Amino acid sequence: QVHLVESGGGSVQAGGSLRLSCAASGSILSINAMGWYRQAPGKQRELVATITSGGNTNVATSVKGRFTISRDNAKNTVYLQMNSLNPEDTAVYYCSVHVVLTTGLWVDSWGKGTQVTVSS
């Protein structure tokens with residue numbers, strides 16, 4: 001019912017930048033929150049940043065000042081601009097959206113994840 005397509009992951013050296021994108025499609029009436037989470041090997045999945053339909057953001061302390069979340073409501077797309085990357089940012093990054101379907105149901109959907117690898 002909701003299809004998420006993530007892109008923009010890859011490998012970069014420390015200090016570099018990447019921009020992740022996640023486009024949502026399907027039987028969507030409206031999208032409330034959109035966000036990014038990450039999971040490093042051997043660690044639990046953690047919140048990176050979220051953004052509401054009104055543009056209010058919540059950014060993890062570990063990435064604050066380096067990562068910026070934004071969204072294009074017309075395109076149902078959320079972005080994560082990642083600057084000053086360091087090896088501790090290496091993880092699989094997952095897109096998550098909280099949507100209202102055309103049926104009226106609220107659902108949370110997750111993308112398949114995109115790998116970000118930062119080398120020192």
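**The largest pocket**

The largest pocket holds about 160 Å³ of space, where a pocket is, on a 1 Å grid over the protein atoms alone, an open set of points at which a 1.4 Å probe fits, with protein on both sides within 12 Å along at least five of seven lines, and where grid points are joined across faces, edges and corners and a volume is the space filled by probe spheres set on the points. Bear in mind that this is a predicted model, in which local features need pLDDT of at least 70 and side-chain atom pairs count only at pLDDT 80 or more, whereas totals for chains, interfaces and linings use all residues. Residues are numbered from 1 along each chain as its sequence is written, and side-chain values use heavy atoms, with hydrogens and water left out.

Select the lining next, that is, the residues with an atom within 4 Å of a point: Arg38, Gln39, Ala40, Lys43, Gln44, Glu46, Ser62, Glu88, Thr90 and Ala91. This lining divides into two nonpolar, four polar and four charged residues, with Ala, Val, Leu, Ile, Met, Phe, Trp, Tyr, Cys and Pro counted as nonpolar, Asp, Glu, Lys and Arg as charged, and the others, Gly among them, as polar.

**The four-stranded sheet**

Now show the strands, which are DSSP runs (E, at least two residues) numbered from the N terminus. Four of them form an open sheet in the order β1-β3-β8-β7, with antiparallel pairing, two strands being paired if DSSP finds at least two bridges between them. At the edges are β1 (2–7) and β7 (67–72), each of which pairs on one side only. From one strand to the next the twist averages 15 degrees, taken between axes that are lines fitted to C-alpha atoms, with angles running from 0 to 180 degrees between N-to-C directions. Between β1 and β3 there are six bridges in the antiparallel sense, and Val5 has Ala23 in β3 as its bridge partner.

Stay in strand β3 (residues 18–26) and pick Ala24. Is Ala24 buried or exposed? Ala24 is buried, with a relative accessible area of 7% (buried means under 20%, exposed over 50%, and partly exposed in between, with a 1.4 Å probe and protein chains only). Leaving aside residues up to four places away in sequence, Ala24 touches His3, Leu4, Ile31 and Asn76, a contact being heavy atoms within 4.5 Å.

**Two loop residues**

From that list, move to Asn76, which lies in the loop between β7 and β8 (77–82). Asn76 has a positive phi of about 50 degrees although it is not a glycine, and it is partly exposed, with a relative accessible area of 23%. Then go to Ser84 in the loop between β8 and β9, where phi is near 50 degrees, a positive value in a residue other than glycine; Ser84 is partly exposed at 41% relative accessible area.

**Strand β9 and its partners**

Finally, select strand β9 (residues 91–101), in which nine of the 11 residues are buried. Strand β4 (residues 28–39) is joined to β9 by nine bridges and runs antiparallel to it, with Gly35 partnered by Ser96. Three bridges join β9 to the antiparallel strand β11 (residues 114–119), where Val92 stands opposite Gln115. Strand β10 (residues 106–110) pairs with β9 over five antiparallel bridges, and His98 stands opposite Asp108 there. The two strands β9 and β10 form a hairpin with four residues between them, and Gly104 in the turn has a positive phi of about 95 degrees.
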